[in-house]
Amino acid sequence: MKKLLLVCMFALGVSSLSAQAIYPKAGEDWPKAKPSKYGYDEKKLEDIRRFIIDSMNTTGCLVLVGGENIFEYGALDRISYIASCRKSVLAMLFGKYVENGTINLDTTIGELGMDDHGGLLPIEKTATVRHLIQARSGIYHAASNAGSSLDNPKHTPERGSKVPGTYHLYNNWDFNAAGAAFEQMTGKNIYKALEEDLAKPLGFQDWDITKQRKGGNRKKSKYPAYHIYISTRDMARIGYLMLREGEWDGKQIISKEWHKEMLHDWTPRDQMHPKPGKFAYGYMWWLFKRGRSELKGAYQASGAMGQKITIIPELDMVIAHKTDAVYGRKTKGSLITKLMNKIIDARIKE
């Protein structure tokens with residue numbers, strides 16, 4: 001009967017303890033729970049461990065349900081590069097300053113005096129900060145770092161050919177300029193804001209501001225990439241804050257309004273470029289729009305070579321996944337998707 005009750009509750013996508021959210025204390029490990037407590041089969045999860053060992057280059061993986069650790073693999077405390085997950089983290093940081101009036105998202109980059117090597121076109125200077133965090137600026141200047149659609153000329157429109165706000169292109173110039181705009185408008189270094197607004201309030205276990213460093217070729221663009229280096233278990237804290245709609249142990253760290261705005265599909269799936277896939281795009285968050293029913297309302301911070309923070313509200317679940325990209329330990333996105341599906345399929349069925 002107890003097993004049947006668990007099955008029914010998870011068929012509805014409802015955790016038995018979701019009303020009583022569990023939070024780790026500052027600097028402490030995630031509390032562990034037997035997978036069966038949340039309706040998951042321990043043997044199937046152990047089979048997933050073998051899949052990771054045999055098929056992936058995972059350095060850390062942590063699965064939370066109801067705020068408790070039901071599965072882990074690897075060195076969860078290892079600090080390494082989170083690639084483009086940094087963009088989703090910056091979106092979270094924006095909220096406080098938008099809401100207190102420090103940042104006006106409709107300020108243009110021209111009004112901020114932002115320019116770049118060779119000069120930006122007049123139409124490009126009409127792009128707003130909002131356009132930057134939507135990847136809809138219409139600015140196709142070279143970025144200081146690789147890793148976006150601009151790296152493939154066939155995907156890049158001509159400079160000045162798109163009115164800002166009308167066309168989505170995943171573009172590192174936008175994201176790096178968004179970081180520069182954040183620092184200019186707040187007067188704060190991104191890493192200091194991350195420390196004060198997320199790392200300390202969430203009780204990061206492995207935060208080290210001295211390991212944070214910007215990168216990129218500044219001869220290509222004035223605006224560097226604000227690379228972020230954190231551990232898998234602290235990535236999970238970021239995901240869990242998002243799962244709880246910005247609340248952390250009774251305190252609203254990010255407002256529900258900003259949480260909702262970040263996850264609005266500013267770019268619907270059919271407007272994504274270079275081609276539509278299974279995602280729409282919010283403010284630097286990827287929004288699942290196709291796939292299995294459990295992914296309704298799910299979203300993801302996604303970085304190259306296997307850095308992922310996946311939030312699945314229907315299952316009260318966070319999956320943090322990490323590879324050590326510096327040492328070439330990359331994992332294809334298709335394998336990450338397969339891993340996610342295996343985790344979901346580990347639920348106990350009637």
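## What counts as a pocket

On a 1 Å grid laid over the protein atoms alone, a pocket is an open set of points with protein on both sides within 12 Å along at least five of seven lines, and a residue belongs to the lining if it has an atom within 4 Å of one of those points. Keep this in mind as you explore the structure above, which is a predicted model.

## The chain as a whole

Let's start with the overall picture. The chain contains nine helices and 11 strands. Its radius of gyration is 20 Å, close to the 20 Å that the globule rule gives for 350 residues, so the chain is as compact as a globular protein of that length.

## An open sheet and its helix

Strands of a sheet pair through backbone hydrogen bonds, in either a parallel or an antiparallel way. Here, seven strands make an open sheet with antiparallel pairing, in the order 2-1-11-10-9-8-7. Strand 2 (68-74) and strand 7 (279-281) are at the edges and have a single partner strand each, so one side of each has no neighbour in the sheet. From one strand to the next, the twist averages 20°.

V65 has E68 of strand 2 as its bridge partner. Helix 9 packs on this sheet and touches strand 1, strand 8, strand 10 and strand 11; the helix direction makes about 145° with that of strand 11.

## The largest pocket

The largest pocket has a volume of about 640 Å³. It is lined by 27 residues, and S84, G147, S148, Y170 and W286 are the closest to its centre. Helix 3 (85-99) and strand 9 (299-303) each give at least two residues to this lining. By type, the lining of the largest pocket has 11 nonpolar, 11 polar and five charged residues.

## The second largest pocket

The second largest pocket holds about 240 Å³ of space. Among its 16 lining residues, K278, F279, Q300, K308 and T337 lie nearest the centre. Two or more lining residues come from each of strand 8 (286-288), strand 9, strand 10 (307-312), strand 11 (317-322) and helix 9 (333-344).

Which element gives the most to this lining? Helix 9 does, with six residues. The lining of the second largest pocket divides into eight nonpolar, six polar and two charged residues.

Conventions:
Residues numbered from 1 in each chain as written. Predicted model: local features only at pLDDT ≥ 70, side-chain atom pairs only at ≥ 80, totals over all residues. Heavy atoms only, no water. 1 Å grid on protein atoms, 1.4 Å probe; cavity = no way out; pocket = protein on both sides within 12 Å on 5 of 7 lines; lining within 4 Å. Points joined across faces, edges and corners; volume = space filled by probe spheres on them. Helix = DSSP H or I, 4+ residues; strand = E, 2+ residues; numbered from the N terminus. Nonpolar A, V, L, I, M, F, W, Y, C, P; charged D, E, K, R; others polar. Pairing = 2+ DSSP bridges. Axes fitted to C-alpha atoms, helices over the stretch in contact; angles between N-to-C directions. Contact = heavy atoms within 4.5 Å. Rg over C-alpha atoms; globule rule 2.2 N^0.38 Å.
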